[in-house]
Amino acid sequence: MTRFVAHQVIVFVALLLVAIQLVTLLALNWAVSENARESVRKEVDVGRRIFVRVMEDRTQQLTTAASVLTSDFGLRQAMMSGDQATIVSALSNHGARIGAAKMMLIGLDRRVLGETAAQDGRDDPLRFPFPRLIEDAERKGAASAIALIGDAPFQLVVVPVLAPVPVAWAMVAFSVDKQFAQDLGLLTGLDVSFATWVPRRGWDIAATTLSPSGTRTLLGALGSPTETAMPAIMPDLLGAEFQLATSVLGREDDGAVVAILQRSLRDAIARFDGLRVILLALAAFSLCATVAGSLLIARSISRPVSALAEFARRMERGEYDQGPPETRSDELGELAASFNRMRLAIAARELQIKSMALQDALTGLPNRALFNERLQQALGLARRLTQPVSVLLIDLNRFKEVNDTLGHHVGDRLLCVVAERLRTVLVRASDTPARLGGDEFAVLLPASSATMAEAAARRILQAFAAPVLVEGRQLDVGGSIGIATFPEHGDDPNVLMSRADAAMYMAKRTRTGCAIYDVNFEAEAENHNRLSLTGELRQAIEENQLVLHYQPRLDLASGAITGVEALVRWQHPVRGFIPPDQFVPFAEQTGCIREITQWVAARAFAQCAQWHASGRALQVSINLSARDLLDPELPQRCAALLAGHGASPQWFLLEITERAIVDDPARAIETVTRLHEMGFRLSIDDFGTGYSSLAQLKRLPVAELKIDKNFVMDMARDADDMTIVRSVIDLAHNMGLSVVAEGVETDEARRLLYDMGCDHLQGYQICSPLPAAQLEQWLARTAALHGTTAKEA
Ligand SMILES: Nc1nc2c(ncn2[C@@H]2O[C@H](COP(=O)(O)O[C@H]3[C@@H](O)[C@H](n4cnc5c(=O)[nH]c(N)nc54)O[C@@H]3COP(=O)(O)O)[C@@H](O)[C@H]2O)c(=O)[nH]1
């Protein structure tokens with residue numbers, strides 16, 4: 001990913017640079033061309049002017065040189081005497097002196113009196129071939145022209161031979177040759193060519209500074225050799241690559257001489273080739289340098305980014321031991337430092353979370369999870385070393401009262417003091433005190449027999465006996481401690497804990513402070529059987545072996561079935577059907593009833609919500625045991641279940657027994673009140689069998705009393721029971737409560753209760769408890785038989 005980014009950076013920078021350089025080079029090239037074109041044009045112009053000036057100077061020099069000849073006395077005498085040989089000799093000598101190619105003496109009649117070389121191809125060898133030149137000289141005193149003699153161009157100068165009037169004309173011819181062209185080329189800085197044109201033969205280059213190939217090109221451009229008239233020489237004769245200046249130096253009928261000054265544009269531009277090469281080299285160098293630089297920068301970014309990504313992956317895997325690798329002082333270094341701080345913070349928080357997961361936040365003691373883990377380990381070790389292991393389960397007395405009356409902050413402080421005292425009492429490093437939740441503490445005592453554990457429990461109780469001073473108040477913290485020891489009371493952590501719980505419950509009930517688990521805690525022999533069910537019960541809950549049946553209750557006022565009671569059953573995979581009175585009391589003793597209640601409530605809430613959704617507005621009664629009322633988290637759990645099933649608390653009636661209140665009235669009333677405040681209706685179950693005082697009853701926010709079935713079943717035969725039933729109905733009504741009678745088995749009982757003004761009936765006479773599906777069929781049948789009411793059934 002980061003490598004990809006680095007490549008993108010490099011490609012982008014390189015392309016940008018190439019584009020910039022390309023544009024720069026093109027612009028430069030254009031400027032160079034334009035500049036070269038302009039400078040060439042100027043050079044040619046200047047060269048042309050120099051050429052004209054040079055030609056004029058040369059004419060002047062040649063005229064002066066020719067004039068020397070005309071003042072030669074010997075020549076004049078020879079001319080007068082007609083001495084041909086002397087004339088030719090004088091001409092030759094003089095011509096050799098001034099570098100002339102030809103010399104000629106012409107009479108006033110235009111006849112050639114003598115010459116240094118005879119002219120080939122002349123019609124009349126004695127006739128001077130350039131009469132116009134003499135006419136010109138007659139007018140100006142001297143004349144000059146460039147003309148062809150034969151096929152070659154010459155510069156001709158004609159001056160008079162004076163005695164003292166003109167008696168003859170002298171013509172001096174200078175070759176227009178390569179040397180002349182080169183001299184002119186040097187002076188003008190241009191290529192100089194002298195082209196001759198002769199009818200039917202066309203163009204020829206008489207002298208030039210051009211190379212042979214340049215000469216050929218020029219000749220080719222000048223035109224076809226079959227021309228009969230000299231074609232015009234256009235400025236773009238050689239195309240755009242050349243700049244030309246032409247000058248017709250001499251034109252006669254039999255031919256013409258043209259000077260062509262040319263300058264190659266390419267040559268001019270070539271002057272900038274060096275610059276171009278330097279620029280290209282610079283471009284290549286800057287491209288390489290940029291790519292290399294970008295690569296380095298991109299790498300210097302992508303490497304630490306990759307390292308940071310790898311570091312982040314390590315953190316994702318939970319490896320916090322190593323920080324990010326590089327320390328730089330730029331933004332990436334800052335980022336790495338931030339990452340490092342983040343690593344340290346996450347590591348610290350994770351450590352905190354881990355310790356919170358295993359530690360009780362309030363007291364700092366190990367929590368239930370850590371306690372269970374250590375118990376497992378201790379049992380494993382104990383099995384190998386054949387040592388005992390004891391567990392203590394501690395429940396504080398009157399903690400709820402403290403919490404409720406003095407506030408949670410005082411309760412929290414009290415719990416912290418208790419934890420501190422536990423730490424102080426337990427001097428062995430291997431002992432583990434733990435807070436399991438609420439005011440429930442536990443202690444793991446490895447290598448401790450029941451007797452040693454009891455001694456420890458007594459020390460703990462002694463430590464608890466000292467009053468606790470919180471906010472200036474003296475608080476008494478008593479506790480009840482249950483003890484269970486491996487291997488005599490069980491070899492499974494769950495069994496040990498539930499037996500310690502049973503012992504603690506016994507200690508609480510008997511107010512003995514502490515109790516070692518005793519099998520005699522289970523009064524009946526059959527309890528042995530029940531005890532073996534401990535593990536199985538939990539398994540039953542997990543594996544859904546429990547089932548709910550629902551028993552309808554009749555509303556005598558409307559004659560309708562307005563509610564049902566949820567009653568649990570156990571469909572054991574081996575033992576078969578187990579009725580609740582064979583496991584519920586045992587579950588209550590071991591504390592397992594909390595899980596059962598949770599299961600029952602979840603099922604009943606779901607079923608009730610389903611009935612309401614399908615238009616059956618049934619109220620569902622759920623039984624709560626004494627242990628449930630000691631559970632401070634019960635209201636929260638009920639709230640969560642309600643929310644989970646979208647159910648309303650008004651759809652439920654929670655049945656609590658009198659005994660549940662008697663065991664720990666403060667706690668029970670606290671829980672019941674919270675449930676009532678949530679919107680649940682409450683009913684006192686088995687009313688008449690407990691020991692609750694009316695004063696206590698008044699403190700409970702109940703809506704209903706349920707008369708115990710034992711009174712109802714026998715009331716037709718037993719006058720006392722009849723009196724009790726009637727009294728309870730009156731009492732309830734006087735307290736503004738409704739009454740339900742359970743155990744209605746006969747028509748007579750039903751009629752009697754109706755007469756006594758009982759509000760609701762429940763019993764086999766109406767319907768036995770049924771699974772939900774059968775109950776729905778029964779309700780449908782009843783409705784079909786008797787309309788919506790069951791009053792007359
Ligand atoms: N804490 C919980 N306790 C529960 C739960 N489910 C049941 N129980 C308690 O178990 C005890 C036995 O219950 P069960 O065998 O279901 O018996 C109930 C009815 O079947 C029975 N009954 C109803 N009508 C009659 C009748 O006409 N005659 C007769 N002999 N018995 C009848 O009464 C039991 C209902 O009792 P109660 O709850 O007091 O209304 C029992 O104590 C149940 O409470 C549970 O989920 N949690």
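This report describes a predicted model of a protein chain with a ligand, from its overall makeup to selected local features.

## Confidence of the model

The chain has a mean pLDDT of 86, and 93% of its residues reach 70 or more. Residues 524–531 have a pLDDT below 50, and in the model this stretch has 8 contacts beyond near neighbours in sequence. Residues 789–793 also stay under 50 in pLDDT, and for them the model has 15 contacts beyond four places in sequence. Where pLDDT is low, the predicted coordinates should not be read in detail.

For the complex, the predictor gives an ipTM of 0.93 and a pTM of 0.43.

## Overall composition

The chain contains 27 helices and 26 strands. Of its 793 residues, 37% are buried. Among contacts between residues at least 6 apart in sequence, 62% join residues that are at least 24 apart.

## Surroundings of the ligand

The ligand has 23 residues around it, and those that come nearest are Leu567, Val568, Pro580, Asn623 and Gly763. By class, the shell is made up of 10 nonpolar, 6 polar and 7 charged residues.

Three elements each supply at least two residues of this shell: strand 18 (560–572), helix 18 (593–613) and strand 22 (681–687). The largest share, 3 residues, comes from strand 18.

Strand 15 pairs with strand 10 (residues 389–396) in an antiparallel arrangement joined by 8 bridges. In this pairing, Gly479 of strand 15 is the bridge partner of Leu396. Strand 15 also pairs with strand 16 (residues 514–516), here in the parallel sense and over 3 bridges. Ile483 stands opposite Ile516 of strand 16.

The loop between strand 15 and helix 14 contains Pro487. The peptide bond leading from Phe486 to Pro487 is cis, with omega near 5°. Further along, Arg511 lies in the loop between helix 14 and strand 16. Although Arg511 is not a glycine, its phi is positive, at about 55°. Arg511 has 9 other C-beta atoms within 10 Å and is therefore exposed, since 12 or fewer such atoms define an exposed residue.

Thr386 lies in the loop between helix 10 (368–385) and strand 10. Phi of Thr386 is near 50°, a positive value in a residue other than glycine. Because Thr386 has 7 other C-beta atoms within 10 Å, Thr386 is exposed.

Strand 3 (residues 143–149) is largely enclosed by the rest of the structure, because 6 of its 7 residues are buried. Strand 3 runs antiparallel to strand 4 (residues 152–162), and 7 bridges join the two. One of these pairings links Ile149 with its bridge partner in strand 4, Ala152.

The hairpin formed by strand 3 and strand 4 has 2 residues between the strands, and Gly150 takes a positive phi near 70° there.

## Leu731 in helix 25

Leu731 is found in helix 25, which covers residues 719–734. Leu731 has 16 other C-beta atoms within 10 Å and is therefore partly exposed; a count of 20 or more would be needed for a buried residue, and one of 12 or fewer for an exposed residue.

Leu731 and Leu705 are separated by 26 residues in sequence. In space, the C-alpha atoms of Leu731 and Leu705 are 9.4 Å apart.

How values were computed: Residues are numbered from 1 along each chain as its sequence is written. This is a predicted model: local features need pLDDT of at least 70, side-chain atom pairs count only at pLDDT 80 or more; totals for chains, interfaces and linings use all residues. pLDDT is the predictor's confidence in each residue, from 0 to 100. Two residues are in contact if their C-beta atoms, placed from the backbone, lie within 7 Å. A residue is near a molecule or strand if its C-beta atom, placed from the backbone, lies within 6 Å of it. Helices (H or I, at least four residues) and strands (E, at least two) are DSSP runs, numbered from the N terminus. Ala, Val, Leu, Ile, Met, Phe, Trp, Tyr, Cys and Pro count as nonpolar, Asp, Glu, Lys and Arg as charged, and the others, Gly among them, as polar. Two strands pair if DSSP finds at least two bridges between them.
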